[in-house]
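Subject: Structure for you to look at

Hello,

Here is the structure I said I would pass on.

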Number of protein chains: 4
Amino acid sequence: MGARSGQDFIDRLAQRHPHVQIDGETLTDGGLHRHPAFAGLARSYAALYDLQAGPERDTLTFASPSSGERVATSFLVPRTYEDLVKRRTAFSTWANYSFGTLGRTGDYLNSGLMALSEASSWFSESNKEFGENLVRYVEKVREEDLLTTHTLIPPQVNRSVAASQQAGGTLAARVVAEDDNGIVVRGARMVATIAPIADEILVFPSTVLRNTPEDEPYSYAFAVPLDAPGLRLIARQPVLHGRGSFDEPLASRFEESDALVIFDDVHVPYERVFVLRDTAICNQFYTRTSATAHMTHQVAARTLAKSEFYLGLLSAMAESIGIGQFGHIQEDLAEVINIVEIQKALIQSAETQAAVNDFGVLTPKWEPLNTSRNWFPKVAQRLPAIVRKFGAGGLMGLPGAEDVFGAAADDVATYLQGKAIDGPDRVRLFKLAFDASISSFAGRQTLYENFFFGDPVRMAGALANSYDRTELTQRVWDFVKRED
Amino acid sequence: MGARSGQDFIDRLAQRHPHVQIDGETLTDGGLHRHPAFAGLARSYAALYDLQAGPERDTLTFASPSSGERVATSFLVPRTYEDLVKRRTAFSTWANYSFGTLGRTGDYLNSGLMALSEASSWFSESNKEFGENLVRYVEKVREEDLLTTHTLIPPQVNRSVAASQQAGGTLAARVVAEDDNGIVVRGARMVATIAPIADEILVFPSTVLRNTPEDEPYSYAFAVPLDAPGLRLIARQPVLHGRGSFDEPLASRFEESDALVIFDDVHVPYERVFVLRDTAICNQFYTRTSATAHMTHQVAARTLAKSEFYLGLLSAMAESIGIGQFGHIQEDLAEVINIVEIQKALIQSAETQAAVNDFGVLTPKWEPLNTSRNWFPKVAQRLPAIVRKFGAGGLMGLPGAEDVFGAAADDVATYLQGKAIDGPDRVRLFKLAFDASISSFAGRQTLYENFFFGDPVRMAGALANSYDRTELTQRVWDFVKRED
Amino acid sequence: MGARSGQDFIDRLAQRHPHVQIDGETLTDGGLHRHPAFAGLARSYAALYDLQAGPERDTLTFASPSSGERVATSFLVPRTYEDLVKRRTAFSTWANYSFGTLGRTGDYLNSGLMALSEASSWFSESNKEFGENLVRYVEKVREEDLLTTHTLIPPQVNRSVAASQQAGGTLAARVVAEDDNGIVVRGARMVATIAPIADEILVFPSTVLRNTPEDEPYSYAFAVPLDAPGLRLIARQPVLHGRGSFDEPLASRFEESDALVIFDDVHVPYERVFVLRDTAICNQFYTRTSATAHMTHQVAARTLAKSEFYLGLLSAMAESIGIGQFGHIQEDLAEVINIVEIQKALIQSAETQAAVNDFGVLTPKWEPLNTSRNWFPKVAQRLPAIVRKFGAGGLMGLPGAEDVFGAAADDVATYLQGKAIDGPDRVRLFKLAFDASISSFAGRQTLYENFFFGDPVRMAGALANSYDRTELTQRVWDFVKRED
Amino acid sequence: MGARSGQDFIDRLAQRHPHVQIDGETLTDGGLHRHPAFAGLARSYAALYDLQAGPERDTLTFASPSSGERVATSFLVPRTYEDLVKRRTAFSTWANYSFGTLGRTGDYLNSGLMALSEASSWFSESNKEFGENLVRYVEKVREEDLLTTHTLIPPQVNRSVAASQQAGGTLAARVVAEDDNGIVVRGARMVATIAPIADEILVFPSTVLRNTPEDEPYSYAFAVPLDAPGLRLIARQPVLHGRGSFDEPLASRFEESDALVIFDDVHVPYERVFVLRDTAICNQFYTRTSATAHMTHQVAARTLAKSEFYLGLLSAMAESIGIGQFGHIQEDLAEVINIVEIQKALIQSAETQAAVNDFGVLTPKWEPLNTSRNWFPKVAQRLPAIVRKFGAGGLMGLPGAEDVFGAAADDVATYLQGKAIDGPDRVRLFKLAFDASISSFAGRQTLYENFFFGDPVRMAGALANSYDRTELTQRVWDFVKRED
């Protein structure tokens, strides 16, 4: 069938019946695209799918090597520099739609699946069938344009011990049984974003595993539909409040929902298992296959879109209230310009220095992308702070839509106008700024970026340990011993 | 009548009929303490008033010099160090109730009124009656324990010009007429916090005025009841969402509401006018009278309560998920400990070095308080960031009360437990952390602290210009020219 | 004999014969006050001693309880608030002489010795004689006004193991033998500041010791004269360059010298031993006795003097080149004003809340002082950075004294004048700024402040672990469980 | 003659007789390469020239289009991407020699001269001869491989007024007369780096000029030899102290000298004048010609070399004392890794997106380079701070070479050894760290980077004002008005 339209996405969603717990409701009858907590999000995702058939079709899709149908560009196996640029342009096209606030659009995990599938020979080293399962599964996701999510982290009851030791090993999702047809999984994983509107959930390796019998049941990779029997989602309370797109311009459209995933003896057929009881494969899952590189490529395009959004927003705010000429405002603008340019440069540098990996996939250079994912979480904290600085008291007293266009219309027109902008437009702009810097939605975004790839402290350790500093260190020793 | 009880406060509120526009409703029938946007706040304020009759009565009240009734300590004219300590202990008692999140409790403006009233002779220099008006008015507020708010900033249509130049002078509130009985005021002021539940609004000098005819109509100080004819409030959309105290532990109780105030030809009788067409008095209003010092004394006690709250919250979080032994967590804890200790020291230092002002009022030393109000807005930005760091993914997936105690109770008990804490309590604690670092309520608090006393950049300029650096500069010149 | 004059200090120095290795010279003949590396420093220290007989005599000295002679105020056992103020005023008087750049003036360690001596009963619990030794030794230092230094850190060959494990236990100074008269010490300690011009060196407990036989030889406290047989100093290369006080206004006067101390079987008579083979006493040495509190009291006064110096310097610079009206310059000035005020407040707060310790000594409150010593090392890094910002290119091209007053005099007068200041004075001021922000002297000061009390990361851990957060944490739990 | 050898450079230097005032000496007899203040620097520059004939010859030189001789690559007019890479590789080769600490190696200004010369048609619009002068002059510099420096800033007597207003217009260098053969220049400019060892000085437009008669005399561009009659240099006091390369490993080799330049009626023949009395040309001098882009390309390569140096240095330090496994050390290493990768990415991004300018020169994209030069001055402040953090007490007590290899050799071997490194090598490494973070040389480097392109606050303003934010702003307005 190939790349879906928005309606295709909605139709399929209408047929799924995941078990979702949210705000006092137990939803099991499907149709979640109509539920107020998910409707805005479903519409936004549908709009992204619709883009695949619009003017950007050639960017967003390519001809499937198996079916010949147009399928999503995120599945395009890059062989040339132009392929990488096409992939990134597709990422950016989607990311700009939401100003980078949607973090789990399909292209993110599709990019990982593409890389994993190309590396199927490596999976087959562990078990021939697993490699084949992977290829078949990825083809299915591509051809049906399925929306996947994933879930990584074990419950964090006590951060000072490993997953397998949490509460006597009864918490983290693990393989508790095997039968002729597949495996049985029990336990939980934290934070599956967009799970209520996704088709499939990928349950892939998360934290580092030890090569011990104790860790074996935690060593696996598989995929199941979100409405697999025994699978339950407990969604967090939404950060949207039903106020509509004027009052919650970002949240009403882009609130993605995060859920705790509980596996209550979920049976997974073998054809959907890609790794089993192999800690070595698990620990190298992302790096050996270049999956991380391709996923990070998508993330960098998304966070660039977000940085550009903040630069545009700040520029619009500065104009609207006449503060652009102040020195400290210009310093802040310069800071954000530098963020945008640095992010662009890291992406371009990764692309122009791409190299073919062991599986024939042209892979963006890792070092610039690794820097991007270590650096952006820090600057992401600055962006809303600068918006608050620009907006100041102007962000403090924003009336709601019904007042702006109702009884208070005259007052808004007079007292909330801007320098060269009428009252309602100024309120609109500042509502957007509010939703980008103050609202719960903004708060959740700030948190999300900070921990997108995991704990920044551990990531810094991993970066320092993996980065090859030998030659630079040797230069220093050579100088130290230079005789002259 | 003296210090009110919570019921007194509610009863009076029930009788007022301010004109409030909020979220599509035009409220003119009073009874705002029952409106969902204000009910939680009204209850919290009522609870503060109730404290005045509880075990802390001796701290929170003193015998009125005129009536002999117990009245609020914030009106106690300090003559001794013990008086200052009593005042601050009263501030802290109230501030701790809301963890410092309530920014407009009565003691804030009462402290200013006390100082202004004592300086009435200075007001009388401009107009004998004005000084007397002030004394009478302050006595009324004290004896009736009225809740006042104030509103300072002119509408910010264009920040590069003065208030009197905004949109041809038609925006900022100004005196447009005078008759035998009083003055008529037209125009708007921004951001009156708690206005919908306050008794009175103080309309005092705000930005610096030029000694020109053009600025004269903007030069005044007066007070009116919130339900004065012609006075309209346009309240911002609330940052609480009706989810109850489990889900919004801070917002449900302490969301203060901010409103735009419109004076549609409000008539103010002369007995409530304290300054009129006197720019010199206006520009020295706060400093000459020590009003700022006493108000900042209250603010410092409040922001100390807030700092202590964050330290307690972070400590509880660290315990609950077992992260207290990590070095980077300890660094953050140390940072917050230092914030608490610095704030304590600034307060104590101001108190122990207090001096009697020109009007016989023992006044806390200004320099430490000025540092407190310039320094806290910066560190206030750090506190929620550290909470997010500690909470990490644990703040991402919090289910609502109805799930925690309903269908998801078993899952919550198992998967959301902490290191030494059951599931529901962990969710409770993390909901509080969410409301202190991520929610719209948290976002509004962050903004509010940053701009509490005005634009930090301008405040820094004022601090640099007013601080006496002569002696320290001379020391350097002496050294430069030292011969040895 | 009591408080010394500068001449007394020099005379005694002339008689000592420490073994000092410096810049290719092996000095064993004494007279170090004439050596170019130490002469400027010795003059500055002499000037401090001279102050004891000048107009500040009453502040800097008091009548000895044993001899009745005037002795240094740093030995005054505080019983009243006034005593604490007198002590601090004396600290400040000395600190202001060097703008806080002299870190080892006698009052620092004298303050510790005073506290240790008062706690002699606690030392006697371990060994009756040790307590008595301590009292006698401290009396000697006080009555003879000896200048002591100390040395704490074991050599840092490998920071990941304990002192006793460095290079097989052959590095750190340790007790290797005992005889009837005393102990024999072998090994090294790092960084004894001012050792070449000091009379005595205190070798006190440093890092935490384990209660194991292995750590016993490292568990001691004793004092020896700097010219004890077998004791060798290897002084670091100086950060002064013999250019005179015009070109190196700070370094030429206040470069303190740091030395590695080697104990080549130094014999220490028992009467100078205060702790031996008692790890418990060693680990509580500073806190149990309040020695740290009194030493930190001195340090806080010194770092306040330094902060005030930077504020004066920056003010003079801003005036001299006409930059005081720029917004970003005012922000920096405000930052330094806040540093000065915070430091003042922490000191005053510690003093006004002082309490009598177990040994009858009125001791400044620890928490504000602990914050001061954790907080100042961070802000100390900012101060020179701000000086560089103010000075900019003006710090880049400063000619030397011989040019300024020689062949280039006319050019300097014309081209290096300031806004309201002649060329030579501007160069003088900027030379001072250079020596406070760019020179090796400035660099060493920056390093020194950062590590004055040890590694800031470990200090933060110690602060977090020792600070009582129980009540604040309980407040949060009470709120979490509040029903309303 | 083409690319010079070190000896060529020295020989030419030996023949020049600039008038240099330094540290009490008036030097007019030439031979400055033998003067202790300049000898080390001259040797380093000579070494760079020698590289042009060594194994890197093909990178560092190319065949002159006029003479066919090998000339410096910095004069290669880039037409292809490979040309840009060759240019940058040449920049890096030289920069790595000094770890990026030499800021005025010939390739910096050569890059500007190359671009200016190619844009000669634009200069000819003002005056036909000026364009031709420029081409001839640049050819001369290229073919003779002359070393040029420049000087930009007018004396900063009072930063709040323009150059032409300083001290009644008597300070800044200006044209005071014209005759048949040329112009006469009087006044001063600040900070000509390496002037004492340079062949030529470029006196080019500096600050923005107004199109007024008053500013005309300040509107010019010309070049003169450093020993032109009437030209005097007042060199700042050096930041090297004659201690040799062990003790001052960077300063002894790379201390560049900065000088005040005084034009005492210097006559400049017309053939060396490129702009005269044309404020419009002056104000567009760098941007219109792409000179800034090519100069910044060189600077970015240099600051990358510097960043890499710090990363290598920190890595060597961490290994040598065994601190690499600490979390906070890894965070710092990750920060520096990110700096290196960002700098690399900005350079590559500028190169791969290069475009041909109006004069046919392939020019690196400006935005990434502009970000590099705005961003690096900030991170440059962090690098020495991290070195101090790593080195800690180990940087405090470093003995001099004569001690390390003399009387203290045994003690150094024992007590200053590292984890896997002998004593002298550890001292060597830490001396290098000292010279990169604490010494006057390090301080001057920190200052220099911060102000390399001018005041960072003004640069931020220029960046904000020049960066095209229209499209990003429009995106925000489109979203604000999106109906859905």
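Predicted model: local features only at pLDDT ≥ 70, side-chain atom pairs only at ≥ 80, totals over all residues.

Helix α16 of chain A

I started with helix α16 of chain A, which runs over residues 440-450. Of its 11 residues, 9 are buried, so the helix is largely enclosed by the rest of the structure. The buried ones are A:S440, A:F441, A:A442, A:G443, A:R444, A:Q445, A:T446, A:L447 and A:E449. What covers them comes from two chains: chain A contributes, among others, α8 (251-254), α12 (366-391) and α15 (423-435), while the cover from chain B includes α12 (366-391) and α16 (440-450).

One of these neighbours can be described further. The axes of α12(A) and α16(A) come within 8 Å and cross at roughly 160 degrees. An angle over 145 degrees counts as roughly antiparallel, and the two helices are therefore roughly antiparallel to each other. The crossing of α12(A) and α16(A) is left-handed. On the α12(A) side the residues involved are A:F376, A:P377, A:A380, A:Q381 and A:P384, and they meet A:A442, A:T446, A:E449 and A:N450 of α16(A). Sorted by class, this contact has 5 nonpolar, 3 polar and 1 charged residues.

Chains A and B

The contact between these chains takes 65 residues from chain A and 65 residues from chain B. On the side of chain A that touches chain B, at least two residues each come from β7 (182-193), β11 (258-269), α12, α13 (401-404), α14 (409-415) and α16. The largest share, 7 residues, is supplied by α16(A). By class, that side of chain A divides into 27 nonpolar, 26 polar and 12 charged residues.

Helices α5 and α10 of chain D

In chain D, the axes of α5 (residues 106-118) and α10 (residues 291-321) come within 8 Å and cross at roughly 155 degrees. That makes α5(D) roughly antiparallel to α10(D). Their crossing is right-handed. From α5(D) the contact uses D:D107, D:Y108, D:S111, D:G112, D:M114, D:A115 and D:L116, and from α10(D) it uses D:A291, D:H294, D:M295, D:H297, D:Q298 and D:V299. The classes in this contact are 7 nonpolar, 5 polar and 1 charged residues.

Residue B:N110

The last item is in chain B, where B:N110 lies in helix α5 (residues 106-118). Is B:N110 buried or exposed? It has 26 other C-beta atoms within 10 Å, and 20 or more are needed to count as buried, so B:N110 is buried. Leaving aside neighbours within four places in sequence, B:N110 is in contact with B:A72, B:S74 and B:F75. B:A72 is 38 residues away from B:N110 in sequence, yet their C-alpha atoms are 8.7 Å apart in space.

Regards

How values were computed: Residues numbered from 1 in each chain as written. Chains lettered and ligands numbered in written order. Buried ≥ 20, exposed ≤ 12 C-beta atoms within 10 Å, placed from the backbone. Helix = DSSP H or I, 4+ residues; strand = E, 2+ residues; numbered from the N terminus. Contact = placed C-beta atoms within 7 Å. Nonpolar A, V, L, I, M, F, W, Y, C, P; charged D, E, K, R; others polar. Axes fitted to C-alpha atoms, helices over the stretch in contact; angles between N-to-C directions. Parallel < 35°, antiparallel > 145°, perpendicular 65-115°, else oblique. Left-handed = near helix turned anticlockwise from the far one by under 90°.
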